[in-house]
Amino acid sequence: MNWVLYFIVFWLLFIIPAITRRKNRRRIKQSKMRRRKGRKAMSYELIKKFIGKKCYLHGENDFTVPTGVILTVEDNWAEIELEDKKTKLVNLDYITQIEEVPEKKKK
């Protein structure tokens, strides 16, 4: 009975985390390979339409940037001003979706 407990603890502490790390690495490699195979990046002209607007940015592997105003777009980087007046640079190669935040209607 005692060896069963050690076996379960060993699986929970070492084997399962190693398997999940391997899956995450594989997913990242696959996304990089898709990019190398000629998958076109998001057009910067489309992104420039969102300059000055409050937006959500969604990226690969459930990566999200907090809500902010897009200030500038240069090469593959976007400068974003967050709600707390801090600025953040985001690599647009990893962005898959940009969503404008709708303004709330005042009554």
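Start at Ile80, which stands opposite Lys88 in strand E4. That pairing belongs to a model that is predicted, so to speak of local features takes a pLDDT of at least 70, side-chain atom pairs count only at pLDDT 80 or more, and totals for chains, interfaces and linings use all residues. Residues are numbered from 1 along each chain as its sequence is written, and side-chain values use heavy atoms, with hydrogens and water left out.

Strand E3 (residues 77-82) and strand E4 (residues 87-91) run antiparallel and are joined by 5 bridges; two strands pair if DSSP finds at least two bridges between them. Together E3 and E4 make a hairpin with 4 residues between them, and Lys85, in the turn, has a positive phi of about 65°.

Where does this hairpin sit in the overall pattern? Along the sequence, the protein reads α-α-β-β-β-β-β, which comes to 2 helices and 5 strands. Helices (H or I, at least four residues) and strands (E, at least two) are DSSP runs, numbered from the N terminus. Of the 107 residues in the protein, 20% are buried. Buried here means under 20% relative accessible area, exposed means over 50%, and partly exposed is in between (1.4 Å probe, protein chains only).

Back at the hairpin, look at the charges. The structure holds 2 salt bridges, each a side-chain nitrogen of Lys or Arg within 4 Å of a carboxyl oxygen of Asp or Glu. In one of them, the side chains of Glu83 and Lys54 meet at 3.4 Å, N to O. Glu83 lies in the loop between E3 and E4 while Lys54 is in strand E1 (residues 54-59), so this pair ties together parts that are 29 residues apart in sequence. Glu83 counts as exposed because its relative accessibility is 57%, whereas Lys54, with a relative accessible area of 37%, is partly exposed.

Lys85 forms a salt bridge as well, with Glu81, and the closest N and O atoms are 4.0 Å apart. Lys85 is at 65% relative accessibility, so it counts as exposed; Glu81, at 24%, counts as partly exposed.

Finally, turn to the helical part. Arg25 lies in helix H1 (residues 2-36) and, at 54% relative accessibility, counts as exposed. Arg25 also belongs to a surface patch of positive charge, where it gathers with Arg21, Arg22, Lys23, Arg26, Arg27 and Lys29. Patches are made of residues with over 30% relative accessible area and no salt bridge, with like charges joined within 9 Å and nonpolar side chains (Val, Leu, Ile, Met, Phe, Trp, Tyr) within 5 Å.

Conventions. Areas by Shrake-Rupley, 256 points an atom, 1.4 Å probe, with all protein chains shown as cover. Lys, Arg positive; Asp, Glu negative; His and termini not counted. Charge placed at Lys NZ, Arg CZ, Asp CG, Glu CD.
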